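Me: I've got a model open and want to talk through its helix packing. Can you take me through it?

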Amino acid sequence: ILDKHLESLRYWRGDYHYVSKVQRGDPIFLAGLSARLVHDIMQVLFALNRVYFIGDGSNLEYARRFEHQPARLEDRVREALCPGPGEDAYVRQRTMLVELIDEVERLVESVDKNGQEA
């Protein structure tokens, strides 16, 4: 699970087409991709915290209790999914998602196979 979803996160983090769609303000592409990236982030966090990804609509509530998670995860996920108005909305959205991806990667690197801080 970790490998699968981290591979997706790593790919999209630096993808030229993602940057291009942000620059052009393509809401259809960016809505779908931001949802996918958040889903990948949540899958990684559930696996990292050794919790079954239930997918029942309460994922952020479950994540509140995770030992291993980025700071202000819930607020940042909500903001990334709904970046609000403004010419820079998609730039802010991508920046937030890239920061979350980087933090999740650091968390994975810092937690050993038994779920303990390395």
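Me: How do H5 and H6 lie to each other, and why call it that?
Reply: This is a predicted model. The axes of H5 and H6 cross at roughly 140 degrees, so the two helices are oblique to each other. Oblique still applies at that angle because roughly antiparallel needs over 145 degrees.

Me: Where are they in the chain, and within what distance do the axes come?
Reply: H5 covers residues 73–81 and H6 covers residues 89–110. Their axes come within 9 Å.

Me: Is that crossing left-handed or right-handed?
Reply: The H5 and H6 crossing is left-handed.

Me: Which residues make the contact?
Reply: From H5, Leu73, Arg76, Val77, Glu79 and Ala80. From H6, Arg92, Gln93, Met96, Leu97, Glu99, Leu100 and Glu103.

Me: How do they divide into nonpolar, polar and charged?
Reply: Six are nonpolar, one is polar and five are charged.

Me: Staying on H5, which of its residues are buried?
Reply: Leu73, Glu74, Arg76, Val77 and Ala80. Looking down the H5 axis, these buried residues fall within an arc of 165 degrees, so they line one face of the helix.

Me: What do they pack against?
Reply: The buried residues of H5 pack against H3 (27–48), H4 (59–63) and H6.

Me: OK, H4. Is leucine 60 buried or exposed?
Reply: Leucine 60 sits in H4. Leucine 60 has a relative accessible area of 18% and is buried, because the cut-off for buried is under 20%.

Me: What is it in contact with?
Reply: Apart from neighbours within four places in sequence, leucine 60 is in contact with Met42, Glu74, Val77 and Arg78. Glu74 and Val77 are also among the buried residues of H5.

Me: What separation do the C-alpha atoms of leucine 60 and serine 34 have?
Reply: 16 Å, with the two residues 26 apart along the chain.

Me: Now H3 and H6. What angle do they pack at?
Reply: About 20 degrees, with the axes 11 Å apart. That makes H3 roughly parallel to H6. The crossing of H3 and H6 is left-handed.

Me: Which residues of H3 and H6 make that contact?
Reply: On the H3 side, Pro27, Leu30, Ser34, Leu37, Val38, Ile41, Val44, Leu45 and Leu48. On the H6 side, Tyr90, Gln93, Leu97, Leu100, Ile101, Val104, Leu107 and Val108.

Me: How many of those are charged?
Reply: The H3 and H6 contact has no charged residues. It has 15 nonpolar and two polar ones.

Me: Switching to H1. What angle does H1 make with H6?
Reply: H1 and H6 pack at about 140 degrees, with axes 10 Å apart. They are therefore oblique to each other. The crossing of H1 and H6 is left-handed.

Me: Which residues meet there?
Reply: Leu2, Leu6, Leu9, Arg10 and Arg13 of H1 meet Arg94, Val98, Ile101, Asp102, Glu105 and Val108 of H6. The H1 and H6 contact has six nonpolar, no polar and five charged residues.

Me: Last one: serine 8. Which helix is it in, and what does it touch?
Reply: Serine 8 is in H1, which covers residues 2–13. Serine 8 touches Arg36 and Asp40, leaving out residues up to four places away in sequence.

Me: Is serine 8 buried or exposed?
Reply: Serine 8 counts as buried, at 8% relative accessibility.

Notes. Residues are numbered from 1 along each chain as its sequence is written. This is a predicted model: local features need pLDDT of at least 70, side-chain atom pairs count only at pLDDT 80 or more; totals for chains, interfaces and linings use all residues. Side-chain values use heavy atoms; hydrogens and water are left out. Axes are lines fitted to C-alpha atoms, for helices over the stretch in contact, and angles run from 0 to 180 degrees between N-to-C directions. Helices (H or I, at least four residues) and strands (E, at least two) are DSSP runs, numbered from the N terminus. Angles under 35 degrees count as roughly parallel, over 145 as roughly antiparallel, 65 to 115 as roughly perpendicular and the rest as oblique. A crossing is left-handed if the near helix is turned anticlockwise from the far one by less than a right angle, and right-handed if clockwise. Contact means heavy atoms within 4.5 Å. Ala, Val, Leu, Ile, Met, Phe, Trp, Tyr, Cys and Pro count as nonpolar, Asp, Glu, Lys and Arg as charged, and the others, Gly among them, as polar. Buried means under 20% relative accessible area, exposed over 50%, partly exposed in between (1.4 Å probe, protein chains only). The arc is that of the directions from the helix axis to the C-beta atoms.
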